[in-house]
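Please view the sequence and the structure first.

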Amino acid sequence: MSERRSPRISSRKQPQQARSAELVAAILTAAVQVLAKEGAPRFTTARVAERAGVSIGSVYQYFPNKAAILFRLQSDEWQQTNAMLQTILEDASQPPLARLRTLVHAFIQSECDEAEVRGALNDAAPLYRDAPEAQTARATGQQTLQRFMLAALPDASDATRALAGALITDTLSAVGKQYSETPRTPAEIAAYADAMADMFGGYLVGLGAI
C-alpha cells in the first residue's frame with residue numbers, strides 16, 4: 001500500500017510586481033472572510049476566488065490548493081504573534097512584570113478580535129502543523145520567552161524558568177481560546193486580562209521575580 005502524500009502547502013510563486021502583490025493581498029483578504037464565515041470544513045479555493053472577484057485560475061497562479069492558502073494565513077499569523085512577543089517581552093524600558101501584563105492584554109484582545117479566523121485555522125492545523133515553517137515559528141517564540149524568563153527570574157534554575165514559561169504560555173493559549181469563543185465587551189476583556197496578569201504576576205513573584 002502506497003504512503004499517502006501530504007498536500008503541497010507552499011505558494012507556487014511570490015508576486016514580483018505591484019499588481020501581482022495587490023492580487024495576492026485581495027486573495028488573502030477574501031480567504032480570511034471566507035474562513036470566518038464558512039469555517040475550515042467549507043473553505044474552498046472556489047469560494048475564495050468568488051469572494052475576491054477573480055478567476056480560480058488567478059488563485060492557482062499563486063496557491064496550488066486550499067491548504068496553501070490556509071498555510072499562508074497561518075504563517076502570517078505566526079509572524080505577527082512572534083513580532084508581538086518580541087516587541088513586548090524584549091522592551092527593556094519596562095520591568096518584566098509590566099511587560100507580562102502588557103502581553104496578556106494584547107494577547108487576549110487579539111484572541112477576541114480574531115476568534116473566528118483563529119478557530120478555523122486551528123481546525124485546519126493538521127494540514128501544516130509539522131511543516132518546517134511551523135517548527136521555526138515555535139522555536140522563535142520559545143527563544144523570545146526564554147530570554148524574558150531569564151530577565152524575570154535571573155536567580156531561578158533553568159528547570160524552574162522552563163516550567164514557569166510553559167505554564168504561562170500554555171495557560172494563556174488555552175484560556176484565551178476558550179474565553180474568546182463568547183463575544184466580549186472591551187471592559188470585560190480588560191478586566192479579564194488584568195485578573196490573568198495578576199495571577200501570573202503573583203506566581204512569578206513567588207518564584208522570586210524581580
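The UniProt record, an unreviewed entry, places the feature "DNA-binding region" at residues 44-63. The structure shown here is a predicted model. In this model, residues 44-63 are 75% helix and 0% strand.

The next topic is aromatic rings. The count of aromatic pairs comes to two. One of them is formed by Phe71 and Trp78, with an edge-to-face arrangement. Phe71 has a relative accessible area of 6% and is therefore buried, since the cut-off for buried is under 20%. Trp78 also counts as buried, at 18% relative accessibility.

Tyr179 and Tyr192 form an aromatic pair that is stacked. The geometry of both pairs is listed here.

| Pair | Centre to centre | Angle between the planes |
|---|---|---|
| Phe71 and Trp78 | 6.1 Å | 80 degrees |
| Tyr179 and Tyr192 | 3.8 Å | 15 degrees |

Which helices hold Tyr179 and Tyr192? Tyr179 lies in helix H8, residues 158-179, while Tyr192 lies in helix H9, residues 186-206. The pair therefore ties together parts that are 13 residues apart in sequence.

Tyr192 is partly exposed, with a relative accessible area of 28%.

Tyr179 has a further contact to note: Arg184 lies over the face of Tyr179, at 3.9 Å from the ring centre.

Technical notes
Residues numbered from 1 in each chain as written. Predicted model: local features only at pLDDT ≥ 70, side-chain atom pairs only at ≥ 80, totals over all residues. Heavy atoms only, no water. Phe/Tyr/Trp six-rings, centres within 6.5 Å; stacked < 30°, edge-to-face > 60°. Buried < 20%, exposed > 50% of the residue type's maximum accessible area, 1.4 Å probe, protein only. Helix = DSSP H or I, 4+ residues; strand = E, 2+ residues; numbered from the N terminus. Lys NZ or Arg CZ within 6 Å of the ring centre and 35° of its normal. UniProt positions renumbered as here; feature names shortened; annotations may be inferred.
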